[in-house]
Amino acid sequence: MTKPFSSTHVFRPHFAAVAAAVLLSAAPSMAQTSAAPAEPSLRLTNPTRAPLSTTPGRAPQQTRQADFIVAVVNSEPITNHEVQLRVARLGQQLSRQGNAPSRKVLENQVLERLIIERAQLQVARAQNIKPDEAAIDNAVALVARQNEISVEELRRRLTADGISYARFREDLRDELTLTRLRDRELDQKIRVTELEIDQYLKNPESVLPDAPEEINLAQILIAVPETATPAQVAALEAKAKAAAERAKAKGADFSALAAELSDASDKRNGGELGLRPADRLPPLFVDASRGQSPGAVVGPVRSGAGFHVLKVVERKRAGMPETQVTQARTRHILLRTGPALTEGAAIARLTEFRRRIAAGQADFAQLAKDNSQDGSAKEGGDLGWASPGVFVPEFEQAINALKPGEISEPLVTRFGVHLVQLLERRSVEISPREQREVARNIVREKKMDDAYRTWVQDLRGRAFVEYREAPQ
């Protein structure tokens with residue numbers, strides 16, 4: 001039986017990226033402003049969480065005026081209302097980061113991205129790629145789980161931020177559709193040779209000459225409500241300064257302080273934001289930590305969310321070979337979908353398995369032996385120890401959202417629907433063979449990025465696009 005996961009798969013844009021684009025965040029946003037569709041926002045070896053707002057906030061409300069068409073893509077219209085809704089969401093996020101372009105520039109970038117997305121969705125429809133409602137429900141549940149809240153709380157926060165839940169679901173549907181389209185169009189076309197791996201290990205910069213610096217920062221956020229009085233702001237600033245002094249003290253445990261003091265959703269992870277390219281961090285954070293070595297604590301610095309105390313956890317050049325990694329040992333139950341088992345039915349079945357396991361009515365390993373359609377079934381679904389980059393991104397992202405012992409919601413990948421349990425984690429030196437697998441993934445990711453850009457440019461070039469002026 002074909003193994004359900006492979007180290008030859010790289011990250012494709014995933015619905016978590018949509019969550020980052022539509023949910024307001026006090027932590028660094030993953031939203032992007034390039035004219036092309038969002039690049040993969042979660043790196044192969046460093047998946048991150050799409051954070052929710054930790055402070056009250058409301059997206060700018062749009063005054064619904066008479067709508068009009070701003071562009072037509074292969075006879076399909078894009079309206080001004082669509083553009084303005086996305087501009088409002090991204091504009092507020094970028095303003096929080098302090099790097100928002102002018103509204104006109106943002107409108108042009110958003111329109112171009114919508115044009116490319118619309119062209120891709122048209123191709124997906126022609127190929128009959130359409131996630132069902134159960135897959136969307138599962139995507140919503142995973143976004144909520146990643147942000148450590150219930151689906152009901154997710155809906156409440158979306159409403160409070162002025163974001164339509166129906167629109168949120170449609171964004172997830174589109175992103176799932178585009179992900180599956182990209183898988184079909186590109187995944188099987190990318191090959192990495194042993195010579196390319198050798199070249200990368202010998203000279204990484206020859207493969208990634210413009211690799212940006214990546215930074216892992218940890219934060220303690222002292223949130224400041226938008227309605228705070230000057231006296232309240234002063235008190236919160238004093239609290240942040242006291243937190244910074246404690247964090248800078250010899251022998252201080254920053255993770256423990258974050259868990260104790262931080263108002264950010266990442267406090268359960270020691271406040272760590274994850275290793276990210278500097279251009280995907282707020283400029284405020286990058287400037288404050290510039291020139292600081294790992295272990296340094298800076299701040300507090302003020303953002304729209306509040307006061308941040310920052311610790312530099314790690315700095316590295318993106319794509320450089322790893323020598324030590326955090327491995328995860330997992331097990332899963334895989335149900336393959338097809339004419340005999342729809343995606344929705346598989347999700348419902350695994351949801352029932354999860355309920356029975358939680359209630360103590362069933363054993364995960366036994367259910368895997370009896371039901372999993374994977375070679376690991378005979379081992380109770382045990383997949384053994386795996387380094388980052390071994391599994392397909394959707395699966396790895398689910399693992400990274402779990403604590404040891406926890407079981408995921410049903411997870412959809414290109415192989416079917418999975419129920420995943422994280423058993424334990426460990427930090428290890430990776431072997432030469434594992435280094436080659438990591439190198440293979442990095443080279444493949446670079447080739448996939450290049451192929452994706454070429455594919456999108458070609459698709460955009462073949463699309464008939466008519467721009468229209470606003471009515472006078």
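Two strands are taken to pair if DSSP finds at least two bridges between them. In this predicted model, strand E1 (residues 69–73) and strand E2 (residues 76–79) pair in the antiparallel sense over four bridges. Alanine 71 has isoleucine 78 of E2 as its bridge partner. E1 and E2 form a hairpin, with two residues between them. In the turn, asparagine 74 has a positive phi of about 50°.

Beyond four places in sequence, valine 73 touches Ile78, Ile115, Arg118, Ala119, Gln122, Ala463 and Phe464.

Leucine 459 lies in helix H15 (residues 432–462). Its relative accessibility is 6%, so leucine 459 counts as buried, the cut-off being under 20%. Leaving aside neighbours within four places in sequence, leucine 459 is in contact with Ala119, Gln120 and Val123. Leucine 459 and glutamine 120 are 339 residues apart along the chain, yet their C-alpha atoms are separated by 7.6 Å.

Helix H14 (residues 393–400) is largely enclosed by the rest of the structure, because seven of its eight residues are buried. These are Pro393, Glu394, Phe395, Glu396, Gln397, Ala398 and Ile399.

Notes
Residues are numbered from 1 along each chain as its sequence is written. This is a predicted model: local features need pLDDT of at least 70, side-chain atom pairs count only at pLDDT 80 or more; totals for chains, interfaces and linings use all residues. Side-chain values use heavy atoms; hydrogens and water are left out. Buried means under 20% relative accessible area, exposed over 50%, partly exposed in between (1.4 Å probe, protein chains only). Contact means heavy atoms within 4.5 Å.
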